[in-house]
Amino acid sequence: MARRSTPAFNIPNLLTYGRILAVPAIVLCFFLEGRLQSSDFARWSALALFIAASITDYFDGYLARIWKQTSNIGKMLDPIADKLLVSTCLLLLAADTDRTIAGWTLWAAIIILCREILVSGLREYLAALKVSVPVTQLAKWKTTIQMVAIGFLLAGPAGDKILPYTTQLGIALLWISAIVTLYTGYDYFRAGLKHIAEE
C-alpha cells in the first residue's frame with residue numbers, strides 16, 4: 001500500500017521554496033543602487049543569502065528523509081532550485097561591473113551551464129522511460145566544489161580586501177568544477193545512451 005503523499009508545505013519543502021526565493025534576492029543585492037553595481041555591501045549581502053540557500057540544500061533532503069516527508073513536489077523542485085541558484089549566480093558574476101567571471105573563465109561557466117541543461121533534458125527523457133539515473137558520489141563533490149567556488153566569487157574584490165586571492169581561488173575552483181562537470185556529464189550520458197539504444 002503506497003504511503004500517503006505529504007503536504008506541500010512541510011518544513012523540507014518550505015526550505016526548498018526559500019532557496020528559490022533567495023535567487024531574486026541575490027540579484028537584488030547587486031541592484032541596490034538602481035543599476036547593476038557590485039559594491040562591497042552588495043557582495044557580502046549576496047554571499048550571506050547564497051550561504052543560507054546552500055545550507056537549505058542539505059537540510060531539505062536530510063529532513064525529508066529522517067522525517068519521512070518526501071513528496072513529489074519536493075523531488076521536482078529540489079533540483080530546479082539548485083540549478084536556478086547556480087545559473088543565476090554565474091550569469092550575475094559574468095555581468096557585474098567588476099567582471100568577476102570574464103575572458104577564458106567564461107568557458108568554465110558555460111560548461112557548467114550547458115551540462116546542467118543537457119543533464120536535465122536527459123533526466124526528463126529517461127523519466128518518461130521509467131529509468132532512474134542515480135546521483136554519483138563524484139557528482140556530489142562537483143556540486144560542493146561548485147558552491148564553494150561561487151561563494152568565493154560572490155565575495156570577489158570585497159573578499160580580496162580581507163583574504164588575498166579570494167577571487168583567484170574562486171576562479172580556480174570554478175575551473176576544477178567545470179572539469180569534473182565534463183566527466184560526470186559524460187558519465188550520465190553514457191548511462192542514458194545505453195537505455196536509449198535499448199529502447
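Buried means under 20% relative accessible area, exposed means over 50%, and partly exposed is in between (1.4 Å probe, protein chains only). I'm working on a predicted model, where local features need pLDDT of at least 70, side-chain atom pairs count only at pLDDT 80 or more, and totals for chains, interfaces and linings use all residues. Residues are numbered from 1 along each chain as its sequence is written, and side-chain values use heavy atoms, with hydrogens and water left out.

**Entry 1: the aromatic pair.** I looked for ring pairs (Phe, Tyr and Trp rings, Trp by its six-membered ring, with centres within 6.5 Å; planes under 30 degrees apart are stacked, over 60 edge-to-face, the rest tilted). The count was 1. Y58 and F59 make that edge-to-face pair, at 5.1 Å centre to centre with 80 degrees between the planes. Y58 counts as exposed because its relative accessibility is 51%, and F59, at 36%, is partly exposed.

**Entry 2: D60.** Is D60 buried or exposed? I got 4% relative accessibility, so D60 is buried. Its side chain makes a polar contact with the side chain of R19 at 2.8 Å (N or O atoms within 3.5 Å, one able to donate a hydrogen and the other to accept it within protein; sequence-adjacent residues count only if both atoms are side-chain atoms). Beyond four places in sequence, D60 touches P12, L15, T16, R19 and D78 (contact is heavy atoms within 4.5 Å).

**Entry 3: F50.** Again leaving out neighbours within four places in sequence, I found F50 in contact with residues including I26, L85, M147 and L154.
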